[in-house]
Amino acid sequence: MKKLFSLLLCVVMVLSLVACGSKTDDTQTPDEPQDTAPKLSGTMKVVATGDVYGPLFDAFTADTGVEVECLSMSSGEVLSKLRAEGGTPSADLWFGGGIDAFMSAKDDGLLEPVTFDAAAELGDEYKDTEGYWYSKGITIVGFLLNNSLMEELGLTAPESWDDLTDSQYAYYGKRGSDPKNKVSSGEFAVGISYIDASIEQAAEENDLTIVYPSDGMPWVPEGVAVFKNAENVDAAKYFVEWLFSSDDHLRQLAEIEQKNGIKVIKPSIEGIELSYDPTLLMTEDLSLFGSQRTEILDRFEPLMGDKAAAE
């Protein structure tokens, strides 16, 4: 149990840096282009964890005429802001971030359900049973090794989480980018990191090795949801359907994010292949992510103790 709890903390820490959403016409099949859209107008305001989604939102604007304004914000900040706004959100769409915050928002009655036919093609564990949130991808966690430094120090490459219980690996970074940056620069030999195409590229450029832990990879879905009582709720709901009902839109999103997890969420999608064995994904009870979110965050700092980075 301690091991599983600590792995969940690793994922929560990694997700401190993670991102934005889309939708389609009810009468269209998932692979049909969106030739006609409902009559929408105005501006759709989006809170996201990054500002790289311009091309995706530009495509939505081209299809619907709805302009998009994006505000970068972490999922924790979004949840706090939602609660402070008392049921009158200043944005319409929530795009990206760990699913724990989305679950908490649903429990607090802060989200609007969205239903559409193409949702049936998404794995059950990657969507809310009532349509309050959907997963646009997953963040997975593995190890990153600096090959030359491993050789110089005479270290054996860790293959599992149990291998990392050795006292020589007692260090925690405060930023999700620390493992990649410090291992790439040769400051550290081993790092626990989120794994995506950017990490794969860093591995190629800096003689690093990516290790997918043999005893399981922690993972967290990244959510998409519509805010209840949003000013332009119709546009936001259509965007969710627009995104998930078109493989072209999902492939565009995967390219922007440099992640291939949508293949896990929607196995039928073509043109995207996983770079890891999906059977290595840990069996997780996602229902605990929302209900235990506060407890996990409250315990995180004390658990880090004097192992935390000084900077």
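Colleague: Leaving aside residues up to four places away in sequence, what does L149 touch?

Modeller: L149 touches G186, E187, F188 and A189, where contact means heavy atoms within 4.5 Å. Before we go on, this is a predicted model, so local features need pLDDT of at least 70 and side-chain atom pairs count only at pLDDT 80 or more, while totals for chains, interfaces and linings use all residues. Residues are numbered from 1 along each chain as its sequence is written, and side-chain values use heavy atoms, with hydrogens and water left out.

Colleague: Where does L149 sit, and how far is its C-alpha from that of E187?

Modeller: L149 belongs to helix α5 (residues 147–153). Helices are DSSP runs of H or I with at least four residues, strands are runs of E with at least two, and both are numbered from the N terminus.

Colleague: Why is L149 called buried?

Modeller: Its relative accessible area is 12%. Buried means under 20%, exposed means over 50%, and partly exposed is in between, using a 1.4 Å probe and protein chains only. At 12%, L149 is therefore buried.

Colleague: And what makes P38 partly exposed?

Modeller: P38 has a relative accessible area of 35%, so it falls in the partly exposed class. P38 is in the loop between α1 (2–14) and β1 (43–48). P38 and D234 are 196 residues apart in sequence, and their C-alpha atoms are 9.2 Å apart in space.

Colleague: On to the rings. How many aromatic pairs are there?

Modeller: The count is 16 aromatic pairs. Rings of Phe, Tyr and Trp (its six-membered ring) pair if their centres lie within 6.5 Å; planes under 30 degrees apart count as stacked, over 60 as edge-to-face and the rest as tilted.

Colleague: Why is the W94 and F102 pair called stacked?

Modeller: The ring centres are 3.8 Å apart and the planes are at 15°, so the pair is stacked. W94 is buried, at 1% relative accessibility, and F102 is buried too, at 0%.

Colleague: Which rings form a cluster, and what sits over F95?

Modeller: Ring pairs link Y53, F57, F60, F95, Y238, F239 and W242. The charged end of K136 is over the ring of F95, 5.1 Å from its centre. The rule asks for NZ of Lys or CZ of Arg within 6 Å of the ring centre and within 35 degrees of the ring normal.

Colleague: How do you know that α2 and α9 are roughly antiparallel?

Modeller: Helix α2 (residues 54–64) and helix α9 (residues 247–257) pack at about 155°, with their axes 9 Å apart. Axes are lines fitted to C-alpha atoms, for helices over the stretch in contact, and angles run from 0 to 180 degrees between N-to-C directions. Under 35 degrees counts as roughly parallel, over 145 as roughly antiparallel, 65 to 115 as roughly perpendicular and the rest as oblique. That is why α2 and α9 are called roughly antiparallel. P55, L56, A59 and D63 of α2 meet H249, Q252, L253 and I256 of α9.

Colleague: And why are α8 and α9 called roughly perpendicular?

Modeller: Their angle is about 90°, with the axes 6 Å apart, so α8 and α9 are roughly perpendicular. W242, L243 and F244 of α8 make the contact with H249, L250 and L253 of α9.

Colleague: What makes helix α4 largely enclosed?

Modeller: Seven of the nine residues of α4 (residues 99–107) are buried, so the rest of the structure largely encloses this helix. The buried residues are I99, D100, A101, F102, M103, S104 and A105. After α4 comes G109, with a positive phi near 75°.
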